[in-house]
Amino acid sequence: PTSAQVSVVPHSERFSYTLDNDLLTTEQRQFYEDNGYLLIKKLVSDEDIERFRKEFVRICKKEVNPPGAMIMKDESLRSQFGQSEKVVNKVQDFQEDEELFRYCTLPEVLKYVECFTGPNIMAMHTMLINKLPDSEKQTFLHPMHQDLHYFPFRPASRIVCAWTAMERADQHNGCLIVQPGTHKTTLKPHGYPKWEGKTNKLFHGLLDEDEKTPKVHLVMEKGDTVFFHPLLFHGSGINKTSGFRKSISCHFASSECYYIDVKNTSQEHLEKELEEMVRKKYNATSVELKDIWNFRARLVQGERINL
């Protein structure tokens, strides 16, 4: 048979982590199958990245205040820099900011996302990370972790993160670090790492990490985008430069995914911590994990089914 005829044969039995599609090559699907991530060069345009950067600065200066967004800061720098991007480490849950949320709707991103989730796509968790230069008081090292630890929905293989570098990311400014193949494991117990005074709220890490597992530093140029599985062990190093390392990301899931009860699981302590944070922030008497995720989630393509 010709190669054209061969490509029509369904690969479903061979591939567990991607769906049949006409975008990814067999080599790309096999790479994701084996490693749990796939890097696509120059996927997002410089113009879009510039627009996201400008909106981030506006949020830092409080010129715009998106409902529900969580602005994470290094409080130790506030007296020095006041309201500026020099103190903001992360803007999380930007789903109500139409300008930043454009990232989650970019056709060039969604066409890849669909290869993992299928046609009904929810944007579940959004972040713009501004990795600050490391200081003595605080480190923005993110310990190795699995993103599924944070998510009360399944199945894992219909969830994917798209993470786009907003400038060059390398070992000097704290690029992503991945452990290829670890997406084939189960969800491991997470908690705060035992670093003296250097833990960030909700920056949980793997409690039992095998130091011998090979790590890959993902060196990325502006606009490069990596797609990765929520069970993949990953983290990021410290920023040893005087600049800021920005990235924008979204966790997407098939709207056919379903919520699970995390009680009596390794995720239960995270549920309590998150519910307590939201209760304090919104002065709410009772809030459930599912409510928090319902608020965060937005449909970006197809129809909303379960999530």
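Modeller: Strand E4 gives the most to the lining of the largest cavity, with four residues; strands (E, at least two residues) and helices (H or I, at least four) are DSSP runs numbered from the N terminus. This is a predicted model, in which local features need pLDDT of at least 70 and side-chain atom pairs count only at pLDDT 80 or more, while totals for chains, interfaces and linings use all residues. Residues are numbered from 1 along each chain as its sequence is written, and side-chain values use heavy atoms, without hydrogens and water.

E4 spans 121–131 and is one of the elements that each supply at least two lining residues. The other strands in that group are E3 (88–92), E5 (142–145), E7 (159–165), E13 (233–236) and E14 (245–254). Two helices also belong to it, H7 (268–282) and H8 (289–296).

A search of the whole structure finds two cavities of 30 Å³ or more, a cavity being a set of points on a 1 Å grid over the protein atoms alone where a 1.4 Å probe fits but cannot get out. The volume of the largest is about 470 Å³, taken as the space filled by probe spheres set on points joined across faces, edges and corners.

By class, the lining holds 15 nonpolar, ten polar and six charged residues; Ala, Val, Leu, Ile, Met, Phe, Trp, Tyr, Cys and Pro count as nonpolar, Asp, Glu, Lys and Arg as charged, and the others as polar.

Key. On a 1 Å grid over the protein atoms alone, a cavity is a set of points where a 1.4 Å probe fits but cannot get out, and a pocket is an open set with protein on both sides within 12 Å along at least five of seven lines; lining residues have an atom within 4 Å of a point.
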